[in-house]
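Colleague: I am new to reading sheets and helices in a model. Could you walk me through this one with a few questions?

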There are 2 protein chains.
Amino acid sequence: MHGSRIALDVMGGDLAPEAILSGARRACDPLGGLRMAPERIVLVGKQEVMDPWLAEHGDPGFALEHAPEAIGMEESPAAALRAKPRSSIAVGVQAVRDGRAGAFVSMGNTGAVVGASTIGLGTLEGVRRPGIAVTLELTGHPVTLLDMGANIVPKPQHLAQYGVMGSTYMRDCLAVHEPRVALLNIGSEPSKGTELLKSAHGLLSEAPIRFVGNIEGGDIFRGGSDVVVTDGFTGNVVLKLLEDFSSFMLHLVLSELKQHDVKWGPEALGRVRKQIDYAEYGGALLLGVKGTVVIGHGRSDAGAVANALGLAARAMDSGVNDHIIQGFAGHPGASNREARA
Amino acid sequence: MHGSRIALDVMGGDLAPEAILSGARRACDPLGGLRMAPERIVLVGKQEVMDPWLAEHGDPGFALEHAPEAIGMEESPAAALRAKPRSSIAVGVQAVRDGRAGAFVSMGNTGAVVGASTIGLGTLEGVRRPGIAVTLELTGHPVTLLDMGANIVPKPQHLAQYGVMGSTYMRDCLAVHEPRVALLNIGSEPSKGTELLKSAHGLLSEAPIRFVGNIEGGDIFRGGSDVVVTDGFTGNVVLKLLEDFSSFMLHLVLSELKQHDVKWGPEALGRVRKQIDYAEYGGALLLGVKGTVVIGHGRSDAGAVANALGLAARAMDSGVNDHIIQGFAGHPGASNREARA
């Protein structure tokens, strides 16, 4: 029972704790899309913050764990984890490690969540480095990009594993049949790019996935791939660029429309924004750690928090982690190659 | 006189030779914005292609150089340059090297133009590696990003030099007073990112420029920087992403508008597109080589070709190359650091 519970970081995120607590309630709304059982959610945070909020807004029956410390969004992850061993991030990860929960969800400091999870939970058997997977709704179907910043100087083997993990995730959690895996590069030929990418191209070609080769930056929007593999540095730059570029473009469009007295409702704008907003998919999944870890966007509102809880439940229930382990174990060639790395 | 001429690659680009030749004519249009003297343009290409076109459309008095070979857009640059020593790209670069022209403009194979120019012309005194600079009109003012793909595995010193060269270019060619130079990274703190970026941050801090520190992907659109320095791999991914993402976003917006029966003219769409289209600035400038080299977008139409000729003229006339040399010579610290690299 406890293994299906989701620990939720009440203290992390720009809109914490209000948006986090509201999001937890929303996930349990009997009229909502998720209808999660409240006892499945473990609120992790400062008791003196959680108690009054629940007293005022009502407590549907959440589990609670007290964490007396909180790590700020801008703190240096390694230093903060050392200085605050009882932070909500540390306690949430411990809840998963000790079996009091199966998943941890945080909108907090990404580096701290990645660090605490990687060290506290360890990696799945056969996995060398976890990667952050983000799913975007582009061209009418979801595309998962990884790594979005967990591993900024990866080895070729890490990239190949991201291909396998991303493919397993898309199949298990998003019902994509034989996901097409692509490698983000500066040209389509296998000889293109850095030494890292040339080696990764070779390893991905041999991996038990449907590898479709290199793609360029713009090809992400052309619908030819379901999983896009990249190093964490490039991934992070790309993700932040996409977020802000979409706002920038919509701003340009709106001021053009205004000049022409064209009225365009905020709902329409919302629908466009929704298509490129990864909060719709509940945030990012840290693939490759023992347990399920979801990192929501810092700016997450209550709706995004509920989506993140939904993603955590879906990932746990799908058995994606077991399938990742089986995937690496079932292909001794890939597995040996990893062991040698 | 010959030193102010511009060699134009008639054979390169998706729409060559038609768009190239039309673009050359447009640059010389007595009613146009550039009003270039025709004898300033040296058409470089296959005689049997140029002659009939000029016979049909009229020759305002272009200079011509015959190049019997052409390098395709998809050819491997190094192999193509070896196999086709008399390609329009090779002949155009030779024209600059031998003083028959001061600038070379090509919409052709980027790798081949960079390779031929770097080897054929050599780098400016004090410059270690050329970089591709692209200017985009964002948030109402131009931002120059470099390197966009000439140097995919740079050293810290190369990035620091890109900061100096980009700054000089913005000042001399786009009249930006004390351009703010930023380093593209995954966080604002100097300790963020790869070893390459940490070292580059240190060197940029010491360089004779207005260095404003690290910025993240999305900050490009926030107006806080005039020059954005990055490695050629990330730069290339970002540039291609921006191009296609803008089309994708406009497509989303248009289909939303259509569903609501909102009419929006193609002119308004064109104005939005124009703001993010680097063809408006004439394409990319290969900064750091002896001579002026402009690499236009492969998809360039006649208007973009004319803009590229304009950029080449502007760069030549501004003396940006002399100022780059002076910049490195005037700061022995930076110069010595380069010499040691």
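This is a predicted model: local features need pLDDT of at least 70, side-chain atom pairs count only at pLDDT 80 or more; totals for chains, interfaces and linings use all residues.

Colleague: How many bridges join β7 to β9 in chain A?

Modeller: Two strands pair if DSSP finds at least two bridges between them. Strand β7 (residues 180-184) of chain A and strand β9 (residues 227-229) of chain A run parallel, and the number of bridges joining them is three.

Colleague: Which are the edge strands of the sheet in chain A?

Modeller: The open sheet has 11 strands with mixed pairing, in the order β3-β2-β1-β4-β11-β10-β5-β6-β9-β7-β8 (chain A). An edge strand here pairs on one side only, and in chain A these are β3 (63-66) and β8 (210-215).

Colleague: At what angle does helix α5 of chain A run to β11(A)?

Modeller: Helix α5 (residues 110-121) of chain A lies across β4 (103-106), β5 (131-138), β10 (284-287) and β11 (292-295) of chain A. Axes are lines fitted to C-alpha atoms, for helices over the stretch in contact (heavy atoms within 4.5 Å), and angles run from 0 to 180 degrees between N-to-C directions. The angle to β11(A) is about 170 degrees.

Colleague: In chain B, which residue of β4(B) is the bridge partner of B:Ile6?

Modeller: Strand β1 (residues 6-9) of chain B pairs with strand β4 (residues 103-106) of chain B in the parallel sense, over three bridges. The partner of B:Ile6 is B:Ala103.

Colleague: Are α6(B) and α7(B) oblique or parallel to each other?

Modeller: The axes of helix α6 (residues 156-174) of chain B and helix α7 (residues 195-206) of chain B come within 8 Å and cross at roughly 45 degrees. Angles under 35 degrees count as roughly parallel, over 145 as roughly antiparallel, 65 to 115 as roughly perpendicular and the rest as oblique. Therefore α6(B) and α7(B) are oblique.

How values were computed: Residues are numbered from 1 along each chain as its sequence is written. Chains are lettered from A and ligands numbered from 1 in the order in which they are written. Side-chain values use heavy atoms; hydrogens and water are left out. Helices (H or I, at least four residues) and strands (E, at least two) are DSSP runs, numbered from the N terminus.
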